[in-house]
Amino acid sequence: MSLRPHTTIAFAALAAVACGDIASPVRDDLYEWRLIVPAAVGTDTVHFHWEQEDLPVRVWVAGDEVEALPSLMQRAIDTWESVYLYREFQAELVSDSNTAHVIVRGVPAPSKAVRSVRLPSALAPECDGATDLDVSPDLRELTLPIRIFINPRATPDTPGLGDCLALTSIHELGHALGIFEHSPNQTDIMFADPQVDLPSRFDRGTAEALYHLPPTIEAVGR
Amino acid sequence: MPKSFLLPALLLLAGAPGLEAQTDYYARVGAVGASNLLRDVIVSEITVRQAIAPMVAVGGSMTISPGYRAGLEATFLSGGYHGEQDEEETDLGTLRTGSLLLGLEGPLAASLRWRAGAGALMYWPSEEAGIFLQGGATRFLAGAGADYRRPVLARWDLMASLRYDYHRFTTEELDRRDFAQTQAVSRVSLSVGLARSLR
């Protein structure tokens, strides 16, 4: 007895579906997220992510500077948490700044602090942002807290200000979770001057990948 | 679906009084172990698995021909699930599942009966996050097993059951993220309980 070709193919397809395991997607949509800094010889890279024992990351937001900032930062937390399939990153708003891993202010970033690395971004007319990291000279320790500044440049009723603050909150929290470099793609939320509202496929791929590689720097101080 | 299979099940659900003498009910408690829900690769392999979880099962059956019965069995279990990568585990929360299996049973040996059926399995995560970001999942389920009964009271039997079931797992979120195909998941349960006597 011989089977017709289409019958054979149907049986083969059925067998493949019945026996095959789920196939994970190829994750090659990412960009350089590590901080590249000058070293004694050439450059060095700094790669950070929060360890499981640090989670949830404690985020304190000044509520008296920009009224909407706490809710925008909660939305930013929800946005980044939803990127992850395996709870790699979790954060929560806290009421005590003394125990916070990340402090968020709704004011212009002050002049650069000694030894800190500033990641300026979101240079829109309505608002801008910056994230300050206190990295030790040997590039081994990141002293907490990470400080985020989200600065409304316009009056509260200015059209576009709300959107600018929302995407800047997501962008700066992206730095605080470990994306220390800006994306070269304009369609990514981690582009230096982001034009989109939410993380793109490349942002998601980068954020996922960085939590599955060992960090070169350890968070200390909180 | 054959009428001889469907009709008794519907009557069983309706609790038809005329069939009371032929109807058998039971409840059991036990534990379920399951194979991996998911295999993924981000730098290295990640697996997601449910922990061994407590379960309850209730069911009933009625005679459809001498020695053979048709019935419904519902199970519910609740337990943790976790991800594992490079021998490090991450707690992913609590996962509840419920199943409904329409099946047939027949004699195997003196106190042993076989059982086989098909139905549906529902996943209810405690939190819509991660692989369940878009919510739970409902999957087709096929299962088989054996029941051992020993009389303990006039109208009640001690019942011990071994079950195996199989389904293909995926979620809407995994589909959205371009996971292809589905994951074969096998579950085995051991449970004990009481059944109203067949005698």
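This is a predicted model: local features need pLDDT of at least 70, side-chain atom pairs count only at pLDDT 80 or more; totals for chains, interfaces and linings use all residues.
Local features need pLDDT of at least 70, and side-chain atom pairs count only at pLDDT 80 or more, while totals for chains, interfaces and linings use all residues. Residues are numbered from 1 along each chain as its sequence is written, chains are lettered from A and ligands numbered from 1 in the order in which they are written, and side-chain values use heavy atoms, with hydrogens and water left out.

Start where the chains meet. The size of an interface is often given as the accessible area lost when the parts come together. Here chain B and chain A bury about 2,300 Å² between them. That buried area is the accessible area (1.4 Å probe) that two parts lose on being put together, summed over both. Carbon and sulfur atoms carry 54% of it. Chain B gives 31 residues to the contact and chain A gives 23 residues. Contact means heavy atoms within 4.5 Å.

Polar pairing also spans the interface. Between chain B and chain A, 14 residue pairs are in polar contact, both residues at pLDDT 80 or more. A polar contact is a pair of N or O atoms within 3.5 Å; within protein, one must be able to donate a hydrogen and the other to accept it, and residues adjacent in sequence count only if both atoms are side-chain atoms. On the side of chain B that touches chain A, the elements giving two or more residues are strands S2 (38–42), S3 (44–50), S6 (88–107), S9 (156–169) and S10 (183–196), plus helix H2 (172–176). Helices (H or I, at least four residues) and strands (E, at least two) are DSSP runs, numbered from the N terminus. S2(B) supplies the largest share of that side, five residues. By class, the side has 15 nonpolar, eight polar and eight charged residues. Ala, Val, Leu, Ile, Met, Phe, Trp, Tyr, Cys and Pro count as nonpolar, Asp, Glu, Lys and Arg as charged, and the others, Gly among them, as polar.

Now the salt bridges. Each is a side-chain nitrogen of Lys or Arg within 4 Å of a carboxyl oxygen of Asp or Glu. The whole structure has 23 of these salt bridges over all chains, and four salt bridges cross the interface of chain B and chain A. Which residue of chain B does A:Arg87 pair with? The partner is B:Glu127, with the closest N and O atoms 2.6 Å apart. A:Arg87 is buried at 18% relative accessible area, whereas B:Glu127 is partly exposed at 39%. Buried means under 20% relative accessible area, exposed over 50%, and partly exposed in between (1.4 Å probe, protein chains only).

Other salt bridges stay within a chain. A:Asp29 pairs with A:Arg201, N to O at 2.4 Å. A:Asp29 lies in the loop between helix H1 (5–19) and strand S1 (35–38) of chain A, and A:Arg201 in helix H4 (residues 201–210), so the pair ties together parts 172 residues apart in sequence. A:Arg201 is partly exposed, at 49%. In chain B, B:Glu105 and B:Arg115 meet at 2.7 Å, N to O. B:Glu105 is in strand S6 and B:Arg115 in strand S7 of chain B, so this pair links parts ten residues apart in sequence. B:Glu105 is buried at 3%, and B:Arg115 is buried at 8%. Shared partners join B:Arg28, B:Glu73, B:Glu105, B:Arg113, B:Arg115, B:Asp147 and B:Arg163 into one salt-bridge network.

Next comes a covalent link. How many disulfides are there over all chains? The count is one, between A:Cys127 and A:Cys164, with sulfur atoms 2.0 Å apart (the cut-off is within 2.5 Å). The torsion about its S-S bond is about -95°, so the disulfide is left-handed. A:Cys127 lies in strand S7 (residues 127–135) and A:Cys164 in helix H3 (residues 161–177) of chain A, so the pair ties together parts 37 residues apart in sequence. Both cysteines are buried.

Strand S7 of chain A also holds A:Asp132. A:Asp132 is buried at 8% relative accessible area. Its side chain makes a polar contact with the side chain of A:Arg118 (2.7 Å).

Finish with a residue of chain B. B:Asn36 sits in the loop between strand S1 (23–34) and S2 of chain B. B:Asn36 is buried, at 11%. Not counting residues up to four places away in sequence, B:Asn36 touches B:Thr47, B:Val48, B:Arg49, B:Gln183, B:Ala184 and B:Val185.
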